[in-house]
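Subject: Structure handover, with notes on the sheet and the salt bridges

Dear colleague,

Please find below the structure I promised to pass on to you. My notes come after it, and I would be glad if you read them with the coordinates open.

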Amino acid sequence: MKPIEIESWALRVLEKVEKHSPIEDSLVELKAEWIEPSKAARRIAGHANAARGESILWLIGVDEKNGIVGANHQELSNWFSAVQSHFDGITPDLQTVNVACKGKTIAALCFDTSRAPFIVKNPAFGKKAGEPVEWEVPWREGTRTRSAGRNDLILLLSPLSALPKIEVLDAEMRLIAGQTPDFHFRLTIYVVPRGSV
């Protein structure tokens, strides 16, 4: 995704925040402040797994109830490195854009989820007696994160059909005036199937 697309997506979400509309959904998460890396890893992994290949957007410095509060200064590279340390190898690729709104700076974090499944460490592994589960496949359901079940894993691992790439080559629209106006529309497109994602 291009930085301008991320910024535009973030600004559309911020507009909804200002109108007190429901915001968080399967692709958007709002955080008033940076969250602890192990919790962030689990939430990002769950969100990315449930997105099934679509990009997800996290906005840091935005609270659904209090609106735009601005992101505290945080060294993003240090924070994300700490988050990545909780993953089993592969993490969602991250693109960041700082978005200025209402005199505050919002950190827009856009995650590419196309390399799912994402697996994270269980922070309780080896610390408690009877805690043998070392890794977890988190899943986002609504706004909560839980362990993925069998059905979730089947959905996650089944191939998705990718939308074809469409290029408009030519378009023409004509109005033929008369007693009863007549419209003629012609469109020439080039379609490239992409197969499975």
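This is a predicted model: local features need pLDDT of at least 70, side-chain atom pairs count only at pLDDT 80 or more; totals for chains, interfaces and linings use all residues.

Residues are numbered from 1 along each chain as its sequence is written, and side-chain values use heavy atoms, with hydrogens and water left out.

The sheet and its helices

The model has an open sheet of 4 strands in the order β1-β2-β6-β5, with mixed pairing. Its edge strands, which pair on one side only, are β1 (28–31) and β5 (93–101). Neighbouring strands of this sheet are turned against each other by 20° on average, with direction ignored. Strands here are DSSP runs of E with at least two residues, helices are runs of H or I with at least four, and both are numbered from the N terminus; two strands count as paired if DSSP finds at least two bridges between them.

Strand β1 runs parallel to β2 (residues 56–60), and 4 bridges join the two. Within this pairing, E29 stands opposite W58 in β2. Helix α1 (residues 3–18) packs on the sheet and touches β1, β2, β5 and β6 (104–112), its direction making about 55° with that of β5. Helix α2 (residues 37–51) also packs on the sheet, where it touches β1, β2 and β6, and its direction makes about 150° with that of β2. Contact means heavy atoms within 4.5 Å, and the angles, which run from 0 to 180 degrees, are taken between N-to-C directions of lines fitted to C-alpha atoms, for helices over the stretch in contact.

The salt bridges

A search of the whole structure finds 10 salt bridges, each defined as a side-chain nitrogen of Lys or Arg within 4 Å of a carboxyl oxygen of Asp or Glu. One of them joins the side chains of E29 and R140, at 2.4 Å from N to O. Because E29 lies in strand β1 and R140 in strand β9 (residues 138–141), this pair ties together parts that are 111 residues apart in sequence. E29 is buried at 6% relative accessibility, and R140 is buried as well, with a relative accessible area of 9%; buried means under 20% relative accessible area, exposed over 50% and partly exposed in between, with a 1.4 Å probe and protein chains only.

Another salt bridge is formed by E136 and R42, whose closest N and O atoms are 2.8 Å apart. This pair links distant parts of the chain, since E136 is in strand β8 (residues 135–136) and R42 in helix α2, 94 residues apart. E136 is buried, with a relative accessible area of 14%, whereas R42 is partly exposed at 28%.

The side chains of D170 and R186 meet in a salt bridge at 2.7 Å, N to O. D170 is partly exposed, with a relative accessible area of 32%, and R186 is partly exposed at 37%.

The hairpin of β9 and β10

Strand β9 pairs with strand β10 (residues 144–147) in the antiparallel sense over 4 bridges, and R140 stands opposite T145 in β10. The two strands form a hairpin with 2 residues between them, and G142 in the turn has a positive phi of about 65°. Finally, E141, R144, R146 and D152 are linked in a network of salt bridges.
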